[in-house]
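Reader: I have the coordinates open and would like to talk through the fold before setting anything up. Could you take my questions as they come?

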Amino acid sequence: MPGVQGRRMTPLIAADHVCVRFGGAEVLHEVSLAVKPGEIVTILGPNGSGKSTLIRALLGLVPLAHGTVSRAEGLRLGYVPQKLAVDRSMPLTVRRFLSLPTRVSDAAAAAALARVGVEDIGQRQMAALSGGQFQRVLLARALLSEPQLLILDEPTQGLDQPGEAAFYQLIETVRHQTGAAVLMVSHDLHVVMAASDRVICLNGHVCCEGTPRVVSNAPEYRALFGLGTRGALALYQHEHDHAHDHDHGHGHDHAHPHHHEHSHAG
Amino acid sequence: MLDDFTTRALLAGIGLAVATGPLGSFVVWRRMAYFGDATAHAAILGVALALAFQLPLALGVLGVALAMALTVSTLAAKGWAMDTTLGVLAHSALAFGLVAISFVPGVRTDLSAYLFGDILVVSRGDLALIWGGAALVLALLVWRWQALLTATLSEELAHAAGLNPNRERLVLTVALALVVAVALKVVGALLIAAMLIIPAAAARALARTPEAMAALATGIGGLAAFLGLRLSLWQDTDAGPSIVASAAVIFALAAVAGQLRRG
């Protein structure tokens, strides 16, 4: 079973043959995965492939039709949801939000905001933040519990491309500084793949899994994402191999300079 | 001091505001306005049952309000179309209550007291009930405050933090039924939801944090009770509607002030 057996470290969280049904439709079929301490795992899949459902299943938000989800004993989990609608009817400063559900000291709140690069917005209203600031505040809140595992569900939705790249770089930095494992969901390929230790390609079931390079060459992956990903693949390989091939078949690659491995994320 | 009926009335109004300020804030944040209506309207049925079976009034109201609140809450969790369901339940509860109450001899004349409240005749016993109920609601909300706020913001976040959003919803459901039982004497079944929503909505324009909004809503509710009672004594208007009308005027002023401040 991919990801579950033959690992030296106990996984922080593991799904074992998980099936989820909504009504009669099976959204997830026999999905197994595990996240070990310190690794970045990305779940990749097209819309409707059950990515968010898988996250919700791991968090215990949807009932499992079959299979189990297990967590390491006493796991500290930080969760960054796909989106969070702060209703305008609720006045809520950033500082107050960071104290939900566990109250934190002003010093801890300030440090968390500084870590994600938005020091000065503690007194701003949540509803008045830009998309990028909002996602950073969500991340700051998740970091306050000093998580062993961060779960992020399409954390860059609604961000422009530079904002998205900066956010992913921030996550990598956080992993580096805190040693937290990261499990995230994405549908954008190139940026994510470079930052991931492992990619799980999902389409209702696990199509393929492995290091980014293995997955990007897997026929299942190519079948799932089709020709539109050619450029992204080229970019990814360029970055990981440091090979200076210029096999860029796709327009938006030009947005990414080729300085060094994670230059696109800057 | 409690011998004066105007003092007792004012204390009753303030007691209600202590509960409706924070609870009303949650009603606004969670968009439960119609939910409040359905629960409050069920109070009339509770009155009818209590009178028919010679039970204490508050007990009958609390029981029926709780049953209604739990029903609505369960249907919501099952994904029923809430706007329609609540519309059906809110008005049916009122209609059945009014039909049922016609079978109880000698009540018809007092009906308006249950529909619009009878704050000017609250007894010491009523006052004890109102303040006891309000203190219970406040204690419940303070105890669960952080969890309630988190679950209101996002059930997913709450769940990921190890909280149970269903339990928090139950807390609000029980608190709502308690408030209905407390408020019946003060503003009556038809205007209970107004006391939940209007002070909280007025406070929204002026508050920067959830706690400030809840506290302000309590203050505004108390002020509305004071102004409404003055109006009632001065012009001999019905006290319950006068209190709600005062709250509405404060809301309008707060909304304008909020707009001006925002620039």
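Reader: To start with chain A, what share of the contacts with a separation of 6 or more comes from residues 24 or more positions apart?

Author: Bear in mind that this is a predicted model. In chain A, 65% of the contacts with a separation of 6 or more are between residues 24 or more positions apart.

Reader: And how many helices and strands does chain A have?

Author: Chain A has 9 helices and 9 strands, and buried residues account for 55% of its 266 residues.

Reader: Which strands form the open sheet in chain A, and in what order?

Author: The order is β2-β1-β4 in chain A, with antiparallel pairing among these 3 strands. At the edges are β2 (25-35) and β4 (66-71) of chain A, each of which pairs on one side only, and from one strand to the next the twist averages 20°.

Reader: How many bridges join β1 to β2 there?

Author: Strand β1 (residues 13-22) of chain A is joined to β2(A) by 7 bridges, and the two run antiparallel; in one of the pairings, Ile13(A) has Val35(A) of β2(A) as its bridge partner. Helix α1 (residues 51-59) of chain A packs on this sheet and touches β1, β2 and β4 of chain A, its direction making about 65° with that of β2(A).

Reader: In which sense does β5(A) pair with β6 of chain A, parallel or antiparallel?

Author: The pairing of β5(A) with strand β6 (residues 149-153) of chain A is parallel and extends over 4 bridges, and within β6(A) the bridge partner of Gly78(A) is Leu150(A).

Reader: Let's switch to chain B. At what angle do α2 and α10 pack?

Author: Helix α2 (residues 33-52) and helix α10 (residues 192-204) of chain B pack at about 155°, and their axes are 8 Å apart. Because an angle over 145 degrees counts as roughly antiparallel, α2(B) is roughly antiparallel to α10(B). Their crossing is right-handed.

Reader: Which residues meet in that contact?

Author: From α2(B) there are Ala33(B), Gly36(B), Asp37(B) and Ala40(B), which meet Ile192(B), Ala193(B) and Ile197(B) in α10(B). By class, that contact has 5 nonpolar, 1 polar and 1 charged residues.

Reader: What about α10 and α12 of chain B, what angle do they make?

Author: α10(B) packs with helix α12 (residues 239-262) of chain B at about 20°, with the axes 8 Å apart, which makes α10(B) roughly parallel to α12(B). The crossing of α10(B) and α12(B) is left-handed. Among the residues making the contact are Met195(B) and Ile198(B) of α10(B) and Ile243(B) and Phe251(B) of α12(B), and by class it has 12 nonpolar, no polar and no charged residues.

Reader: One more residue: is Leu89(B) buried or exposed?

Author: Leu89(B) lies in helix α4 (residues 82-102) of chain B. Its relative accessible area is 19%, so Leu89(B) is buried, the cut-off being under 20%.

Reader: What does Leu89(B) contact beyond its neighbours within four places in sequence?

Author: Leaving those neighbours aside, Leu89(B) is in contact with Met68(B), Val72(B) and Leu75(B). By contrast, the C-alpha atoms of Leu89(B) and Leu233(B), which are 144 residues apart along the chain, are separated by 36 Å.

Terms used
Residues are numbered from 1 along each chain as its sequence is written. Chains are lettered from A and ligands numbered from 1 in the order in which they are written. This is a predicted model: local features need pLDDT of at least 70, side-chain atom pairs count only at pLDDT 80 or more; totals for chains, interfaces and linings use all residues. Side-chain values use heavy atoms; hydrogens and water are left out. Two strands pair if DSSP finds at least two bridges between them. Axes are lines fitted to C-alpha atoms, for helices over the stretch in contact, and angles run from 0 to 180 degrees between N-to-C directions. Angles under 35 degrees count as roughly parallel, over 145 as roughly antiparallel, 65 to 115 as roughly perpendicular and the rest as oblique. A crossing is left-handed if the near helix is turned anticlockwise from the far one by less than a right angle, and right-handed if clockwise. Contact means heavy atoms within 4.5 Å. Ala, Val, Leu, Ile, Met, Phe, Trp, Tyr, Cys and Pro count as nonpolar, Asp, Glu, Lys and Arg as charged, and the others, Gly among them, as polar. Buried means under 20% relative accessible area, exposed over 50%, partly exposed in between (1.4 Å probe, protein chains only).
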